[in-house]
Amino acid sequence: MTPETARLRSKTWICAAIVVLANVFGNFFLKRGMPPALESPLAYITVLFRPWVALGVTLLIVWLLSRMTLLSWADLSYVLPVTSVGYVLVAFVGRWLLDERITSKRWAGILLIVAGVALVGGGSAPRTWRGKSGAHS
Amino acid sequence: MKWLLIAIIVASTSVGEVLQAVGMRRHGEIRDFRPSALGRAASVLARNSVVIGSVVAMAVSFFAYLGLLAFTDLSFAVPVTAVTYVVETVLAKYVLKERVNGLRWAGAALVLCGVALVSL
């Protein structure tokens, strides 16, 4: 592994971890502060000023920015499967922190999503690792 | 109402992410993480019409998602929107011209089945 490849790899993993964690906890705080229903168009705005919702939105902004940063060098078809591990973490957060009842069908569906993600990740070597120093293919 | 919101979320997220990938690739790799350099990158990106389009699409998706999250479980709302992943793999292949092999298609199909189960 060349130093350039190693640099790109660790940069990619750190950035991907930030993307996933910001997404999972952003969603958690959003749900935590959310009222049972948004009745009027105005409610969509005022809800943003609830403290938990505001924290969730802040984390989702971190998610958006870190994701844009990651996409500046990584393929979308690489970023999507790696960061979709967040779907699983969200289920655990829903179960343990929000006391949601998750049926066996829902767990099975989440496991299928994990299997799909693993399969996609085991596919061809992502173009991402080839970096920008080599030929653009 | 639930499925209408989900359709809006899936469509606007997929469009937004493809525009984001196009815009960021046009910008080039971000290598300098000093705050001043990031600020310069942000001000260049704020004038990139493709990036602006992606932000608008993401905003539509976000408010539709707020509406959905208000009356559904987090463990329903988040997995069900994973269907965007399948739409985006198709768009990555045909719009962004990225290479998508058989294993990736199989993975996308499994994700789709998983989403179907979650929504039962």
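1. Helix axes here are lines fitted to C-alpha atoms over the stretch in contact, and angles run from 0 to 180 degrees between N-to-C directions. On that basis, the axes of helix α1 (residues 2-27) and helix α5 (residues 83-94) of chain B come within 9 Å and cross at roughly 40°. α1(B) and α5(B) are therefore oblique to each other, given that angles under 35 degrees count as roughly parallel, over 145 as roughly antiparallel, 65 to 115 as roughly perpendicular and the rest as oblique. The crossing of α1(B) past α5(B) is right-handed, that is, the near helix is turned clockwise from the far one by less than a right angle.

2. The model is predicted, so to speak of local features a pLDDT of at least 70 is needed, side-chain atom pairs count only at pLDDT 80 or more, and totals for chains, interfaces and linings use all residues. Residues are numbered from 1 along each chain as its sequence is written, while chains are lettered from A and ligands numbered from 1 in the order in which they are written.

3. Where α1(B) meets α5(B), Val10(B), Thr13(B), Ser14(B), Glu17(B) and Val18(B) face Val83(B), Thr84(B), Val87(B), Glu88(B) and Leu91(B); contact requires C-beta atoms, placed from the backbone, within 7 Å. These residues divide into 5 nonpolar, 3 polar and 2 charged. Ala, Val, Leu, Ile, Met, Phe, Trp, Tyr, Cys and Pro count as nonpolar, Asp, Glu, Lys and Arg as charged, and the others, Gly among them, as polar.

4. Chain B has 6 helices and 0 strands, where helices (H or I, at least four residues) and strands (E, at least two) are DSSP runs numbered from the N terminus. Its C-alpha atoms fill a box of roughly 50 × 35 × 25 Å along the principal axes. Of the contacts in chain B with a separation of 6 or more, 81% join residues 24 or more positions apart.

5. Of the 120 residues in chain B, 45% are buried, meaning that 20 or more other C-beta atoms lie within 10 Å of the residue's own.

6. In chain A, Val24(A) is part of helix α1 (residues 3-33). Val24(A) counts as buried because it has 22 C-beta neighbours inside 10 Å. Leaving out residues up to four places away in sequence, Val24(A) touches Gly86(A), Leu89(A), Val90(A) and Val93(A).

7. The contact between the chains takes 48 residues from chain A and 43 residues from chain B. On the chain A side, α6(A) gives the most, with 12 residues. That side divides into 30 nonpolar, 11 polar and 7 charged residues.

Conventions:
A residue is buried if 20 or more other C-beta atoms lie within 10 Å of its own, exposed if 12 or fewer, and partly exposed in between; C-beta atoms are placed from the backbone. Two residues are in contact if their C-beta atoms, placed from the backbone, lie within 7 Å.
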